[in-house]
Amino acid sequence: MDGCRSGVPTYEGDLHVVAAAHHIVKALGATKNLSDDLRKILIDLDSHLSMITSNIDSKGGRGLVDVEERLDQAERKIMRWETDPMMIWDSGPKEASDYLEAVDETGKLVDGLRGLSVHENRKQKEILHRAMNILQTAMSRLEEELIHILVRHGQQFEPKNMYSRSIRKDIVYDESFVSVEDEPTKETSSQNCSNNESGECIVDLVHADVIPDIKSIAKVMFTSNYGPEFCEAFISVQKEALEQYFSFLGTENLSIEDVLKMEWTCLSSKMNKWTWSMKIIVRVYLASEKQLCDQVLGGLGSVSSYCFLEISKATILCLLNFGEAVAMGPHRPEKLLRLLDMYETLADLLRDIDTLFSEEAGSFIQLQFHELLERLGESAIAAFKAFRVAISSNRSLYPFAGGGVHPLNKYVMNYIRMFPEYCSTLNLLLKNQHPGVADQVTKPDYGPDTSLLTSCPMAYHLRSITSCLESNLHKKSQLYKDEALQHIFLMNNIHYLVQKVKGSELRLFFGDEWIRKHNAMFQQHAMNYERATWSSVVSFLKDNNPGSSSMSKSTFKERCKGFSIAFEEVYKTQTRWSIPDPQLREDLRISTSLKVVLAYRTFLGRNLAYTDDKCVKHTVEHVENSLLDLFGGSSRSLRNSCRW
Amino acid sequence: MPATDYQASFLGRISIRRNQVIAMDGNHEQELQDLELFSKHVSERFAELLSSPDDVPFDALLSISWLRKLLDFFLCCEAEFKGILMMGNDPSQISKPPLDRLIPEFLDRSVKALDVCNAVTNGLESVRHYQKLAEIVVSALEQKPIGDGQSRRAKKALTSLMSAMNVDDKECSAAKATERSWSFSRRGVSSKDRVPEHFRSVSNQVAKNWSAAKQIQAMTNNLVPPRGAEGSGLASPVYTMNVIMVFVMWALVAAIPCQERNGLSAIHFPAPKQLNWAQSIIGLHEKIGEEWKKKEKKGTAGLLDEMQKMEKLGNILMDFTDSFQFHGDITGQKAEEAAAHAAELAETCRRMEEGLLPLQMQIREVFHRIVKTRTELLNALDQVGKSPPPLL
């Protein structure tokens, strides 16, 4: 524009040149597909040329009079609204466009007058000041209108429809084993929306109908160099809307100290909520906000991304801080799954974040996200390690009554049953983590189709965890004085382990070989139990002289008595023991039955002559039936209840 | 009172000790040297901060660049401190008295410092907002000659600026401030240039009812210099680092608008004058404390040098725009003065533009560093043999 400040032309020729130039500028200005920058230049030029023309025609000040008239007209249109209680854009499109036209006209006049050397002409200067004063009034008004439009047409959206609230599992793993029931988990998927491309979740934060209005206000304010005021107003309304939405989601600001002190159940639900809000805020709200900024401020260079950053920064930092606080907290084993949820959510959102904050100014936010992701990963690994440590260091002072499935076993197996869902993340995080020293992991050696899963890092770690668990269970079994009960305990627990693996996706990671080996293991314990309990009992029934046909009566009597006492003793003790799994209990009874009942029947059969004697305390049927009472978990006695 | 007697310097005491423990192994000797070096560096760094000339605007006390230097020094001291603590010959020391008590206390303070970092980061967002408003003022007043329109434009931005600074200073409860609704009160305000009322956003809060002053007060709890034999061991760098951390956080809160700062000047932390390294910190504490007391009387938003300038210039320019509207056209000396003030404001804005973002990033760096050290110390404590908490 400075180039035009060459003064006012003085003769006819110039007048024609100016007129011609003006004509060309007007024609150019009418073309579509102009970049906004270029259009602005043309507009400037246009008003400038018209000013020169009016100045030229005016020899005696006629041009200024013309300018004044135009200004008067614009002023009337602008000032009229200053006393009107209605908002312009609420009054109708005609009113709005009239107003914009008047503002535009004023802006042109200001530009034109400025282009002239105003110092020399007092009148000109006066008009310029007046025009700028009117412009200021109009700009102030536009700012107000803008805020009004944004607030009035701002739209809330329901988060419920966006992402299902059910995050993969809502079982809360608190520290107490008791609450962990052996119930089938409902595998509810939360992947409803997360697989969508980010484009599919965009909503209109401001009603689509008013976008052109906002754009036109932006245009005229930026043209008149009131861009900063526009941004100020736009940012403050949108920032507040985001904050309101944020608290509408039920997320509150928490200090790091608060988070660190929070008890687990509360923290767990906050972590869940964070995962959920993070997705909605980034993938829906911010994506939509970004679109709004681009729609409104698209052609204005970095203004759009500047506004977007200012609107979103505080909320984003708030979310990030909670993540930092969680990652810093004590690495308790029960935190692992929630941490993995957070990690996966963040990893999943990274691409969106990188797109949303791609400009240089946003790199700060990008960086914070990447750092938090790393931190959450470290924290998850630490929790994973803590889980292992907790398993191997879990100590009991007293043997677990009845020899059933130990709570530790239940807890661990129910917990790791969730791991396959986090398979890829865990593999990524555990890639460089060695399972540890006390690791007797069987090298998998199976078919090509299973080998991938059984040899992934997570599989190694899973097997390492169960081997930790097994060795701890072995230690716990040593607390029983009764060798038979040690075997019952181990049988129960290893059986439970195998069932848990077989009944879930875990089997793919443990592999058939592992299952076979562990099946054999609990069967071995069953056999050991039988040997430990029944060998001595059955030994009463053994014939010491296989050659002779029968024993003496007194020997028979003695043997019979010995058997009865031993059997009653076993009955009394082992009805108290427990085998929670009905199938396993059944199997063991059958195999015991086979051994004991058969031996008893043979024994009695061989000594039929004495069997009506009082010394035969129990019939075969009675022994057989009594065996059914074993492992029921409550102590019984044969002497009181079943007397013949 | 002879200097060598009562006010024996920290360094002096160390060398006395050294003579006493001469029989000890070389490692201990090395450790003593490290401690000596550490306190020497601390002393030098804070002396440099204290000697910052007030008249050179760029490096003035509590200016952006001064704060950046302060944070730089914090990071340096922190790194050295960690070195002494962790690279030491005997890692199990940290689990023995008195460190078994001092380290957890230090970690506690670290966590509190993190929340202060966040509060300050939020505060810097407010300062950036002031900067944007001030830039509008500058661009309105830069135009020549100044007419009624620009003067009104400047006044409007100034009013927003001053009220924003005021709100941030009022420590008002954020809950009340957010109940503002844009939609009403727009019309019916008779002023020609309506100024949207400033609100304090929720996201600028650390947490509900959180108070920066109380937080710092809590950081000073139990902060006592090591006594007797402890003074020669690792207890003394832990104490030094504690004081540095509390001081840095305190200075940040004094400089930058933060949630709840009432009672900040009442905070004392006992740093005994006879400790060499502490003298400059005490000096700075006194100096800034004085400023803060003045502030409490005057009601400024924060001691950040650039903000104080902004406020001063803002008041002057506000008077100018007022008189402009009253008298109409102003020319001559008054206009020139106003132009000079606007130029000064522009310069302040420029310095903010250059410095605020890096300062914010540096605070984040401090944040991450504190987190990292905390994690490392916790891990070290873990390894030294504390068995992990049982699963049950």
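**Exercise 1. Decide whether T321(B) is buried or exposed, and describe its surroundings.**

Step 1. T321(B) has 0% relative accessibility, so T321(B) counts as buried. The term buried means under 20% relative accessible area, exposed means over 50%, and partly exposed lies in between (1.4 Å probe, protein chains only).

The structure is a predicted model: local features need pLDDT of at least 70, side-chain atom pairs count only at pLDDT 80 or more, and totals for chains, interfaces and linings use all residues. Residues are numbered from 1 along each chain as its sequence is written, chains are lettered from A and ligands numbered from 1 in the order in which they are written, and side-chain values use heavy atoms, with hydrogens and water left out.

Step 2. Helix α10 (residues 305–327) of chain B contains T321(B). Helices (H or I, at least four residues) and strands (E, at least two) are DSSP runs, numbered from the N terminus.

Step 3. Leaving aside residues up to four places away in sequence, T321(B) touches S151(B), A154(B), K155(B) and L158(B). Contact means heavy atoms within 4.5 Å.

Step 4. A polar atom of the T321(B) side chain lies 2.8 Å from the backbone oxygen of M318(B).

Step 5. A338(B) is 17 residues from T321(B) along the chain, and their C-alpha atoms are separated by 9.2 Å.

**Exercise 2. Describe the interface of chain A and chain B.**

Step 1. Count the residues: 59 of chain A are in contact with 56 of chain B.

Step 2. State the area. The size of an interface is often given as the accessible area lost when the parts come together. Here the two chains bury about 5300 Å² between them, 52% of it on carbon and sulfur atoms. This buried area is the accessible area (1.4 Å probe) that two parts lose on being put together, summed over both.

Step 3. Look for salt bridges (a side-chain nitrogen of Lys or Arg within 4 Å of a carboxyl oxygen of Asp or Glu). The rule finds 5 across the interface of chain A and chain B. One of them joins E229(A) to R153(B), with the closest N and O atoms 2.7 Å apart.

Step 4. Name the elements on the side of chain A that touches chain B. Those giving two or more residues include α6 (122–153), α8 (227–248) and α13 (363–393) of chain A. The largest share, 12 residues, comes from α6(A).

Step 5. Sort this side of chain A by class: 24 residues are nonpolar, 14 polar and 21 charged. Ala, Val, Leu, Ile, Met, Phe, Trp, Tyr, Cys and Pro count as nonpolar, Asp, Glu, Lys and Arg as charged, and the others, Gly among them, as polar.

**Exercise 3. Classify the aromatic pairs F563(A)–F567(A) and F247(B)–W250(B).**

Step 1. Apply the rule: rings of Phe, Tyr and Trp (its six-membered ring) pair if their centres lie within 6.5 Å; planes under 30 degrees apart count as stacked, over 60 as edge-to-face and the rest as tilted. The count comes to 24 aromatic pairs over all chains.

Step 2. The ring centres of F563(A) and F567(A) are 5.7 Å apart and the planes meet at 20°, so this pair is stacked. Both residues lie in helix α20 (residues 553–574) of chain A, 4 residues apart, about one turn of the helix. F563(A) is buried at 1% relative accessible area, and F567(A) is buried at 2%.

Step 3. F247(B) and W250(B) form a tilted pair, 6.1 Å centre to centre with 35° between the planes. They are 3 residues apart in helix α8 (residues 235–255) of chain B, so about one helical turn separates them.

Key:
Polar contact = N/O pair within 3.5 Å; in protein donor to acceptor, adjacent residues only side chain to side chain.
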